[in-house]
Amino acid sequence: MSILICILTKHIRQSFGKKNWISSTEETLEDEPRTRGVTRIREMVDMGINVITAQDTICDGFHLYGTGDPLDYGLVGCYCAQYNTPETARIMWDMLTSGSARAFDPDAKYGIQIGNDADLNIVDAPSVHEAIRIRASRPYILRRGKVIAGFERKATML
């Protein structure tokens, strides 16, 4: 079972066990009402909760800065959770990838293995830390083994 964007109160937190939690920078674990806050990502990860993060807003009324790029939320999540080492960047990467897959389809085969669907992004970065830091290009985005898109991040010096 996944919990989708809701506020955790003490009684919900105590009954969570090893469930899933989708992190939102607009949610909080505090008891008092708040309109904004930061989910306690590190604490929930330490509790064994499958914490994931994502965004699907592109410059709309809910999120004026949205780009649709999950690596943007990965970077924000790293800042919020104070995940500032290559090892903790891997935790955020898993929230964006394998953790998300588990939350939405716990029985699905995930990862690069024979027999799994070839749904993947080729990320142009030497490490997970760098991929999140520079929100790396994805020159090939595949669905069932066929290239369906690509994304290149580039800057030009004038």
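Predicted model: local features only at pLDDT ≥ 70, side-chain atom pairs only at ≥ 80, totals over all residues.
The buried residues of helix 4 are covered by elements that include helix 2, strand 3, helix 3, helix 5 (98-104) and helix 6.

**Helix 4**
- Thr-88, Ala-89, Met-92, Trp-93, Met-95 and Leu-96 are the buried residues of helix 4.
- Because these buried residues fall within an arc of 155 degrees when helix 4 is seen down its axis, they line one face of the helix.

**The largest nonpolar core**
- The largest nonpolar core holds 18 residues, and those that touch the most other members are Ile-41, Val-51, Tyr-83, Met-92, Trp-93, Met-95 and Ile-132.
- At least two residues of this core come from each of helix 2, helix 3, helix 4 and helix 6.
- Leaving aside residues up to four places away in sequence, Ile-132 touches Leu-71, Gly-74, Leu-75, Cys-78, Ala-89, Met-92 and Trp-93.

**Helix 3**
- Helix 3 runs through residues 70-81, twelve in number, and its first and last C-alpha atoms lie 16 Å apart, close to the 16 Å expected at 1.5 Å a residue.
- Its N-terminal end is capped by Asp-69, which places a side-chain oxygen 2.9 Å from the backbone nitrogen of Leu-71, while Gln-82, which follows helix 3, has a positive phi near 55 degrees.
- Among the buried residues of helix 3 are Leu-71, Gly-74, Leu-75 and Cys-78, and the buried residues of this helix pack against helix 2 (41-46), strand 3 (50-53), helix 4 (86-96), helix 6 (128-134) and strand 5 (138-143).

Key: Residues numbered from 1 in each chain as written. Heavy atoms only, no water. Helix = DSSP H or I, 4+ residues; strand = E, 2+ residues; numbered from the N terminus. Expected span 1.5 Å × (residues − 1). Buried < 20%, exposed > 50% of the residue type's maximum accessible area, 1.4 Å probe, protein only. Contact = heavy atoms within 4.5 Å. Polar contact = N/O pair within 3.5 Å; in protein donor to acceptor, adjacent residues only side chain to side chain. Core = buried A, V, L, I, M, F, W, Y, C linked by side-chain atoms within 4.5 Å. Arc of directions from axis to C-beta.
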